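Work through the exercises below with the model open. Each task is followed by a stepwise solution.

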Amino acid sequence: MAFDFADFRFVPWLIPAGPLLAFFLIMLISNRARLLPASDQAYGGHHPDYEGMEVPVVRGWSRVLSVVIGMAGVLLSLVVSLHLVSLGWGYGHHFGEEVFASAIPWLDTGTTTFDMGVLVDPLTVIMLFMVPIAVLGIFIYSIGYMAQDPRQSRFFALISLFAGAMLTLVVADNLLLLFVGWEVMGLCSYLLIGFWFEKESASAAAVKAFTTTRVADVIMLLGIVYLYLETGTLSFREILYNPAVLQQLATTPAIILGGSAAALISVFLIAGTIGKSAQFPLHVWLPDAMEGPTPVSAMIHAAAMVSAGIYAIIRMFPLFVAGADPHHGLFNGPLLLMALVGAGTALFAATIALAQNDVKRVLAYSTISQLGFMMAALGIGAWVAAAFHLITHAFFKALLFMASGSVIHGMEHGEHHVHEHAHDDDHDDHHGHDDGHEEAFDPQDMMNMGGLQKRMPVTFITFLIGGFSLAGFPLLTAGFWSKDEILADAWLGVTHGYLPHALVFILLALAAFLTAFYTMRQLGLTFRGEARTEAARHAGLGRGVVSVTMTLPLLGLAVFAILAGYLGVPEDFPLFGALFSPEAVGGNRFHHFVIETLPHNSATAFFAAVPDMQASAPPFMLVPVATSFIVALGGLYLGHRMYWRRPLRAGEADPLIKVLGAEVHETLRRKYYLDELYERIFVRPSFWFAHRAVDEFLDRGIIDGILHLIGRVFTWTGDLLKVLNSWLIDGVGDGIPEGIVALGLRLRHLQTGRVQQYLLYIAIAAILIGIVFAASAGTMVTAG
Amino acid sequence: MIETVFGLDLLSALVVLPALAALLLLVLPQQKRLIRWVALVLGLGLAALAVLAFRHYQLGEPGAGYALEQSTPWFELLGASWHVGIDGISAVLVLLTGILTPLAILVSWEIEERVNMHMALLLFFQTGLMGVFVTLDLLTFFLFWELSLVPMYFLINQWGGPGRQYASVKFMIYSLGGSLGFLLATQLVGWAVSAQLGAPSFDMVTLTETWPVLANTVGATFLGIPIETVKAFAFIGFFVAFAIKVPVWPFHTWLPDAHSEAPTAGSMLLAGAMLKLGAYGFLRLVIPLFPDVWVAELQILGLPATNAATLFAVLAMLGVVLGAFAAFAQNDIKRLVAYSSVNHMGFVVLGLAVAAQAWGEQFIAGGTERLQDAILATNGAVLQMFNHGLSSAGMFLLAGAIYHKTHTRDLRQYGGFWVKAPIYGGIFLFTSMASLGLPGLNGFVGEFLVVRGAWPVFTLLTALAMIGLLFTGAYILKGIRSVLHGPFNMRWRDTRLEIETREVLAIAPLLVLMLVTGVAPNWILPVINDSVTRLLGGLAG
Amino acid sequence: MIPLWMYLVVAALLFCIGIYGVLARRNAVAILMSVELMLNAVNINLVAFWRYLAPQDMSGQAFAAFVFVIAAAEAAVGLAILLFVYRTKRSVIVEDVNLLRW
């Protein structure tokens, strides 16, 4: 089958093509550098000056061209995506059963062929709505944020690849292509977290991110392989829309470990998501990923990386539910695993976020916590709610990260300002953050901030919107609606008396409360009160392109962070339901659109064997809504009391320490000592095993030892043979001539030189010969 | 299509012409520039022939068996003949060897001493490799097998690093030790088959038909020894020789020494092409010839009963896991890359073990339940051989490039090179990722297929091998982090670290192939798939 | 007629005298003369055997003639050597001429 882009089924192929093409174009053509001394102003920012060594710095035209190419790539995919989104949104009720899909043969496998293809269904459509918009915001933001960086071209190439990989993952019609996008994103996050690779911490964080997710990925690979083995295909449609296949998967016993094949495959795939979406116990990489430039954090936390994990599970949801029915209290291993891990992580990460002082780290733990919400929702079967939260979270988290990036940028600006004025005479020798100052001053530490409300008003407003959305501020913000739907789904189960639902409900409610609290704490510490350092007093974005490109995306995303929620207002919600989900548009639009993705009506004969994926949105219930109100407002109020009404002054300790007690606070601040624990039980033993056990003991000791022993045995045998040679063979060889010599020495005494003696011998000999002759003549005669 | 070159048929030309080219280089005037250019042009010409041979197979009728077959009596008294031909498996390896040789020559331009001899040895080496890949006669197979040792020994011994004496001797003696059993097994097989056919024959096509069913025709004994014992001895002879070459764990310790001490071009060819000889030997000889031996029940020291194929898979798993750990422990960049070969070839071996198990079961009991697994695993193994050829050659090129400039292989002396060498950094990353098996690049496809094939057959072992896959990531990242990341080591302040244009040209074809194979593996896979399916399915009938 | 054995006895006696002379005499001239005696003893044998056993053949006489010639030549060469030895050593005693020893 050839590509024919006039046919709209082939159009999805174009979506990832733009950014991917941009990556290659920038890498191969437009990324051009010139050599400059590292002490030059153009090589400033986060980089050491290397005693004036010559280093490559991107050329001006290359910087501009690369940005243009990158933007063109993402705009292309945005346009195509929105085209498909509008096509899909207007397609009607059958969109879901009918999809835009096409595939080409990709790999010969014996007598069969593995097909690679793209697929656009309702779930893809909402992702195609969220991802390119968030990515566009991040790209615009990066123009300003990275404007001082000597490697901006490379940054745009990598971030294009990142976007391309995410879009590949979104449009994939099979698990293998999804995995390709998944892993390429892993690579991009590795490269971008380590973008400022000269910093040891950045390099270490990059390695940590890649290694931790790889733990999950190899397990996930096993899941893919196993699924491929059992079904002979990896295509989503062929597996998920095929009750017979699901039935068979749910009843086949697993190849190892007991349980059903479906359950084992699911657990393997969930392991992949636990790594990618940073769930306990593989969440440790995500906070460290803050070492990368802020646009990257936004990319990882919102638009791409972590969303991919949740997206993959939603995509494959019928597989996880195979053999169970959470809406009727029938759970299986994978679902319980997701519910437990998700709800546990949500609360666990929220507690850690309480005690963090790094502005981006708080957000990182909030991401982990929010992903836990989605995971828990999936565990109780509320996949539509999870998808809804995925979208709203992406918007407000992208917003929050970029706003925090603005704060950091502003702080750096302020620090720079302070610095220049303090050292007016020798400011040529120092610029930006060289080694000495980086240690002394941390522009990300909230304890160094304060009072930014006045210095950076736009940033403050947008940060506030994002923060309230994250906290789930009732009725106004997107975060409220999506979180509420998860809680409503959980409560629905509680009303039926299902235990997992109850657990999820309680844990998530607690987590939501903490979320609201630490959000307010962050807002208070950052923006409220008086500046606690000189840098904060002079913080600001300045003027010009940098300021504009870093502000615009904030405003745009702020709009989405509020409005995105109104797509999914429950239709029976008082007042708001009638306002935003009237009967005229078919009620809760988001829900009704997305639910068509998966078989959801087991009444139809075709899906009889598949359990109902989710019949409808949960009805309006007072308890969950009231809970939402209480936890959000309660948390915000508490935070307001502690950090907003009486802002922290310079040198003052965090009031939370007093409330929690120093030990608890320290435990939270050190993230329950998990990093130290992992260091001790995984990292160091691995090093020990590799160095001591394998390299030194096994390979050099035993195997080479045996080889050398064999070598020595042969050398020794050789020595033995040498000795043998020298006395036996040489003895004989030399002995014969020596004997002859000795004989000659004796015989020469006959040679007297006396003629008469010779004659005597002759005479004697003649006589003897005569006698012999005579005797033999006699015998001859007798014989004759 | 062209089928003859200078009156020789294409495959014979591929074997003979490199040697002639080498002789030509030896008699040319001793001017470095001239020698280098002539060698490169000759290498490229030979590469063109290799591509031609590959295309010939690719465009031929699918499932038609050997292409470009030629047979001439050679040593009639022994029944050996000059019998050449390629199927999909050998076509891929011929292509790989053909591509790598000119690149190795281009990289060898950095050699300043005895240039003509160096280039000639590379071409002689190509003769040995091509000979093994195209021949269909066991005796000439053995001949070329041994022939390929000699040039490599001299390359390591004459142009190698500081520990070259030890490394070259270890390499040579270890390989020869394996060859001893190989020679005996070859003679045993030839003898037994001649007893059966009434006329001597070393023809592989004949052997694969007659040897596995020997007991049916010769009877229960041969030379008064039970036929099982005879087969077991022949099996061990072949097994050890090929296992050393692959190298299968624990026969691998010659490899880090040889690879790390060899000159860059030598390492490239050694890892890129020579290791494939062993795996090719398994696929061409040991698996088709000994289906019953592979699955015969073994009882070792009271352990649960097992068979040779399973043990083979255990060794493969150990190779994958311990190879990765060992690589992770290295502080010498070339040793790290060398151990990555142990790790990657472990996957090849795992695929081969699946093929051995499945083909053995099929031979004994019939049935085709394992057929699809075996086909996928073997496809994966062959593809992995090709992929490993690309990525390990690339990695050695890059390691050599940095060694040539800094004169140290110690990773701890590097650091932050990406600052000064952005192009080198980009290429290094790309190649590392291909080696790591990043989806979208070539390594992944092979590994995916092998794991898919091995999972149902050796479930637990495959799961354990995943630890190796994890640590593949660890050692690759260690390499990247040591070379590219971290603060720049100011010791190299005034050293030029950026990659040479010549080296970029040498690695560019590899990079393109890595990407193309990763994105669209079907340019090569039908060729492999066709032959593998025939090998595992066709022989069943 | 005188029987053959008598000739043989005479010849044998003559030969023995010759041998004795050769072995026992110290004077080189005497040794040469003893050699002449031995040769003549042989001559007697040759002639006697010819006469008694094969008179029709000439070979016996021819041999004897040869022996004469050889004896003459031997004497000439021998005396010449002796003369030379005498000139250098001032002696013809054979014990003094032992240069060809080990």
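**Exercise 1.** In which hand of crossing does H4(A) pass H5(A)?

Solution. The model is a predicted one, in which local features need pLDDT of at least 70, side-chain atom pairs count only at pLDDT 80 or more, and totals for chains, interfaces and linings use all residues. Residues are numbered from 1 along each chain as its sequence is written, and chains are lettered from A and ligands numbered from 1 in the order in which they are written.

Step 1. Two packed helices are described by the angle between their axes and the distance between the axes.

Step 2. The axes of helix H4 (residues 152-171) of chain A and helix H5 (residues 175-193) of chain A come within 8 Å and cross at roughly 155°. Helices are DSSP runs of H or I with at least four residues, numbered from the N terminus. Axes are lines fitted to C-alpha atoms over the stretch in contact, with angles from 0 to 180 degrees between N-to-C directions.

Step 3. H4(A) is therefore roughly antiparallel to H5(A), the term for angles over 145 degrees.

Step 4. The crossing of H4(A) over H5(A) is left-handed: the near helix is turned anticlockwise from the far one by less than a right angle.

Step 5. Residues of the contact include A:Leu158 and A:Phe162 of H4(A) and A:Trp182 and A:Met185 of H5(A); contact requires C-beta atoms, placed from the backbone, within 7 Å.

**Exercise 2.** Find which helix of chain B gives the largest share of the side that touches chain A.

Solution. Step 1. The two chains meet through 47 residues of chain B and 49 residues of chain A.

Step 2. H20(B) gives the largest share of the chain B side, ten residues.

**Exercise 3.** Is B:Ser432 buried or exposed?

Solution. Step 1. B:Ser432 is found in helix H18 (residues 422-436) of chain B.

Step 2. B:Ser432 counts as buried because it has 23 C-beta neighbours inside 10 Å; the cut-off for buried is 20 or more other C-beta atoms within 10 Å.

Step 3. Leaving out residues up to four places away in sequence, B:Ser432 touches B:Ile476, B:Gly479 and B:Ile480.

**Exercise 4.** Why is chain C more spread out than a compact globule?

Solution. Step 1. Chain C has three helices and zero strands.

Step 2. The radius of gyration of chain C is 17 Å, well over the 13 Å that the globule rule gives for 102 residues, so chain C is more spread out than a compact globule. The radius is taken over C-alpha atoms, and the rule is 2.2 Å times the number of residues to the power 0.38.

Step 3. The C-alpha trace of chain C spans about 50 × 25 × 25 Å along its principal axes.

Terms used: Helix = DSSP H or I, 4+ residues; strand = E, 2+ residues; numbered from the N terminus. Buried ≥ 20, exposed ≤ 12 C-beta atoms within 10 Å, placed from the backbone. Parallel < 35°, antiparallel > 145°, perpendicular 65-115°, else oblique.
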